[in-house]
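Subject: Structure handover

Hello,

Here is the structure we spoke about. Please open it next to this email and check each point as you read.

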Amino acid sequence: MKKDNSRPWWKDAVVYQIYPKSFQDSNGDGIGDIRGIIQRLDYLRDLGIDAVWISPMYRSPQADNGYDISDYCDIDPMFGTLADMDELIRQAKKRKIRIIMDLVLNHTSDEHPWFIEAKKSRDNPYHDYYVWRDGEEGVYPNDMKASFGGPAWEWVPELKQYYFHQFAVKQPDLNWENPKVRREIYDMILWWMDRGVGGFRLDVIDQIAKEPDRGITNNGPRLHEFLREMSRETFRKGDLITVGEAWGATPEIAKLYSNPDGSEFSMVFQFEHSMLDQQPGKEKWDLRPLPFIELKQCLARWQTELYQTGWNSLFWDNHDLPRIVSRWGDDGTYRNESAKMLAAVLHGMQGTPYIYQGEELGMTNVTFESIGDYRDIETVNLYHERLEKGYEEADIMKSIYAKSRDNARTPMQWDDSAHAGFTSGTPWIAVNENYRQINAEAERKDPDSVYQFYKKLIRLRKDYPVFADGKFELLLPEDGQIFAYTRTDEDMQMLVCANFTGEPAKCSLPGKWKDAGTLIHNYEGDVCGDTMRPYEAVILLQKRGK
């Protein structure tokens, strides 16, 4: 069980994602901030995490909660100051925690100085920093749609041109074909590296090489050329963790992103598994029951095809996705068991696990009564668009309750005091009303809590190299209830076995596992024979026979 010291540090790491607006408010204005994160670093150290990825805190008009940046080299006043950021990096380093910045390089805010200049004239040096097309007002260059609804083109009367935006109107796309744009970006990345950040998460990075005239948004022809250049000019000059968000990634493409030679990124965020419960060919709001066998096949394919050729991120939740215990677990009777089961299945795989804030508590989706309680631009746009199309409001709200990004953005539930200990003021978005039952203070005191289960899983990943190195093999691939697989290295073999349903499940595994040691189990007592209880999960370990 000797650790391979030549392995990059991030292959043994566990990353925690913070959505800063909702994590901890230090000054009573109802908005989480950097000082609040500093206050909670000891909590993160106790949990055992190695790095913290923080969603954007740059200066921004907040049209898309910070993913519309107006200054890459400053902190938005709602979160604090650049000095606060420097202090966070220092304090985290003292606790052996690295800070991962969230970089949005596909687009800026329309209030960024580059775009303000770009709109002044076609001859302005910054005009070509963005993607423009000639046209007539009301006659779009083509029929491309923005991800947040409406056309992907916005008319600028004074220029008699359209600019391209894949997301909100206030998020014009950068023109990566322009080498001056790339140089500006590389200099900014080096500036943050000099300040001591430990890595970067690259937002929708597979869209930077778009070719709108051909209808291409992601995986454009020059994408990997751009990424290799960026890595060479920046990331490879430090010992960083870098992860590219790529909604359009396949295992073959992911091998390029995460090539072990370090030519692009450390790893990739891919979302194939996270889209399985939407109707094929429809939007994410159009739901279908989770096709469990497809989920197993999907995850197994990524495990198998990236083995020794790439590296994956492991995640169920993030700031764009609903809470996993509400989505694929049971946030009622079996909340505790199903949250632990989902954790065991994920953390037993090869890759770097990401824990989204509150996931380690088993936090759940929220069901606000009115659309007026929601803050997410995508959710609000969806509500009004579908009302106009004649959808029933109850059906719209059902989709929002299942898939709204605000499910992940309600404030972190620290304790059972007012507003869950998040703020002494009025929170920017309401706290989930179940915070009195689900909160960090209670779970840290309870040895059987979801928090304690996550803490143990994190420790196991550091104690047993088979978590990082072991080869994956899916067992019982056609079983409609059981998710089982092995991980095998030179010395050990590990079995992860989980009942993914709320009903008892027959589980027939080879007899050799009867005497294996139990690493972690989400029920008290021994594993019961050949039947697994609702949402039961266990990880077993045994030495390999020589």
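The model is predicted: local features need pLDDT of at least 70, side-chain atom pairs count only at pLDDT 80 or more, and totals for chains, interfaces and linings use all residues. Residues are numbered from 1 along each chain as its sequence is written, and side-chain values use heavy atoms, with hydrogens and water left out.

Backbone first. Gln62 has a phi near 65°, a positive value in a residue other than glycine. Gln62 sits in the loop between strand S3 (58-59) and strand S4 (71-75). Helices (H or I, at least four residues) and strands (E, at least two) are DSSP runs, numbered from the N terminus. Gln62 is buried, at 16% relative accessible area. Buried means under 20% relative accessible area, exposed over 50%, and partly exposed in between (1.4 Å probe, protein chains only). Asn65 is in the loop between S3 and S4 too. Its phi is also positive, about 50°, although Asn65 is not a glycine. Asn65 is buried, with a relative accessible area of 11%.

Next, the rings. A search of the whole structure gives 37 aromatic pairs. Rings of Phe, Tyr and Trp (its six-membered ring) pair if their centres lie within 6.5 Å; planes under 30 degrees apart are stacked, over 60 edge-to-face, and the rest tilted. Take Phe483 and Phe500: their ring centres are 6.2 Å apart and their planes are at 40°, so the pair is tilted. Phe483 lies in strand S15 (residues 482-488) and Phe500 in the loop between strand S16 (492-499) and strand S17 (505-506), so the pair ties together parts 17 residues apart in sequence. Both Phe483 and Phe500 are buried. Ring pairs also link Tyr58, Tyr72, Trp114, Tyr126, Tyr129, Trp191 and Trp192 into a cluster.

Two charges sit over rings (NZ of Lys or CZ of Arg within 6 Å of the ring centre and within 35 degrees of the ring normal). Lys21 lies over the face of Trp428, 4.1 Å from the ring centre. Arg98 lies over the face of Trp9, at 3.8 Å from the ring centre.

Last, helix H12 (residues 393-403). Its buried residues are Ile396, Met397, Ser399, Ile400 and Lys403. Seen down the axis of H12, they fall within an arc of 155°, so they line one face of the helix. The arc is that of the directions from the helix axis to the C-beta atoms. Ala394 and Lys398 are exposed on the other side of H12. Helix H9 (324-327) and helix H11 (377-388) are among what covers the buried residues of H12 (contact means heavy atoms within 4.5 Å).

Best wishes
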